[in-house]
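I opened the notebook for this one and went through the structure piece by piece. Here is what I looked up, in the order I got to it.

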Amino acid sequence: MSSIRKHAFRAVVDALKARGKTVAVVESTCGGLIQSSIQAVEGSSSVYYGGSVAYNTKRCKPILLNDEKLHASLTGANAADAASYKASKLDWTAKTASAYLDAMGTDYAVAEGGAAGPTFRPEGLETGFAAVAVAARGADGAVEIVRSTLVESAHAKREANMELFATSAARELLAAATANEGLDRRSQDRDDEAAVAAYKARPDCRYVVCDGGRALFSSETALALIDEAEALAFGIDDQSSGTTIAFLGLAGGAPLFAVNARAGLDDSRFRDTRTQAPFLSPTENQVALAATAIATWHRRSGFCSVDGGPAILQSAGHARKGSTSGALTFPRSDPAAIMAVSSRCNSKILLARSPRHPAGMMTTLAGFCEAGETLESAVAREVLEETGVVVDEGSVRYLKSQPWPFPQSCMLAFRATADASQPLVLDDELLEAKWWDRDSIRRACEVPGAVMRAEVAAAAFAADPTLEVLVPPKNVVARELIEAWLNEDD
């Protein structure tokens, strides 16, 4: 599988899993490549119900739900000219995606059809194309087409076109699954004082209140997004020298600002972003991490490192300028490696516990990348320093990343293998480390809740005295590494 297609489908499966959504697929030109690419992602069985390949147009009626109209739409697609042929495929994929969504009971359905080459039937068609449609259920439960596009190739190379069309289908599904979500950072507006002022003046403008690595929550699973008047109750004043306000961007179309409250406020609504953000919606998770990152940076960056004087806010809170030197500084993210090290036979995974984790909580190893060091070298060095284990040469491979503003990191996730018979020699950063088998980790993954909080972890062990270990909750990269290994073969 090409790396581009692999990453596209991993992103799709991750997005569907994070949102608890499911999908079914019908394809024609891609010949099963869409479905096999989904199935190649570990854990995809929780989101993928199945699908069909409608390749032989004359004989595929049973595959098309034995639906006479769907089959007629496909067989009638052999239009006389290229433009009409492409239009007919757009029509067929829309009808098919809708029908499969309704029949399979999934949240999304993808339909693909076109022509890959090297030969083509309609007059004037000389290069490959594919129509891709994505159906979903609206707020009222009705089936609707949320994505429909024509992917056109510049050539008639069959295999390359199948690759292009499958990857495009992944991107269309991802766009559907994440529509109207996420934080639009609007970086182009940060230096436009009038635009930022207009955002602040809007009635739907909201504030995220931060206190160090904590953020204000309205519940266990929701940020408190409050108006300016409520924010002022926390002692916030964007004209004072001790507090800051930064424009985060738009979420759901509404402007959001991050603010620093008075330090050390005694308010139970403030929660540790590190332990609680994984239980937010995908959009609020992004907002919480962005707000925590920018607020923490401001608390640490009030003075210019060049002239020692006050550093004045710039770019709607996304830069500071030395009052004497004029030197600009920006928020930064320090690269850190986080790694799942498995045994050579892949039957065990190496997990450890540091002093900041509650008793019984084990997670993957992690550490900072040093100056002038590659991330791959950092993986090998950190594993050796922390546990005494030498990872196998050439086994380190990159998977994905996650912001980790505690206080200012970006976690880059890796996999590696090692000889599990090596003795474990722990440094002073770890309290314990152990090679775990799948049965123990599978049970740990079944435990819900914010288990990185000491009281939640203690309650889990009290409820089940046979429980051996806990692992981080879903929606953090350490858990994704663990689950990826868990779904692999020995």
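Predicted model: local features only at pLDDT ≥ 70, side-chain atom pairs only at ≥ 80, totals over all residues.

Numbering runs from 1 along each chain as its sequence is written, and side-chain values use heavy atoms, with hydrogens and water left out.

Which strand does E14 pair with here? Strand E13 (residues 319-322) is joined to E14 by two bridges, and the two run antiparallel. I count strands as paired if DSSP finds at least two bridges between them. The whole sheet is open, has three strands in the order E12-E13-E14, and pairs antiparallel. Strand E12 (311-314) and strand E14 (328-329) are the edges, each pairing on one side only.

**Overall numbers**

I then stepped back to the protein, which has 13 helices and 20 strands. These are DSSP runs (helices H or I, at least four residues; strands E, at least two), numbered from the N terminus. The C-alpha trace spans about 75 × 65 × 45 Å along its principal axes.

Of the 490 residues, 50% are buried. My cut-offs are under 20% relative accessible area for buried, over 50% for exposed, and partly exposed in between, with a 1.4 Å probe and protein chains only. The accessible surface comes to about 22200 Å², and carbon and sulfur atoms hold 51% of that. That area is from the Shrake-Rupley method with a 1.4 Å probe; for residues, only the protein chains shown count as cover.

I also checked contacts (heavy atoms within 4.5 Å). Among those between residues at least 6 apart in sequence, 65% join residues at least 24 apart.

**The cores**

Which residues have the most contacts inside the largest nonpolar core? They are Leu248, Val287, Ile349, Leu351 and Ile441, in a core of 45 residues. Helix H9 (residues 282-300) gives the most to this core, with eight residues. I noted a second, separate core of 29 residues, which includes Val47, Ala130, Ala169 and Ala177. A core here is a set of buried Ala, Val, Leu, Ile, Met, Phe, Trp, Tyr and Cys residues joined through side-chain atoms within 4.5 Å.

Leaving out residues up to four places away in sequence, leucine 248 touches, among others, Leu183, Asp184, Arg185, Val287 and Ile294.

Most residues other than glycine have a negative phi, and most peptide bonds are trans, so I looked for exceptions.

The bond from glycine 117 to proline 118 is cis, with omega near 5 degrees. Proline 118 is in the loop between strand E3 (108-115) and strand E4 (129-137). The bond from phenylalanine 406 to proline 407 is also cis, with omega near 10 degrees. I found proline 407 in the loop between strand E18 (397-404) and strand E19 (409-418).

Asparagine 346 has a positive phi, near 70 degrees, and is in the loop between strand E15 (334-343) and strand E16 (348-353). Is asparagine 346 buried or exposed? Asparagine 346 is buried, at a relative accessible area of 11%.

Asparagine 475 has a positive phi too, near 75 degrees. Asparagine 475 lies between helix H12 (454-463) and helix H13 (477-486), in the loop, and counts as partly exposed at 33% relative accessibility.
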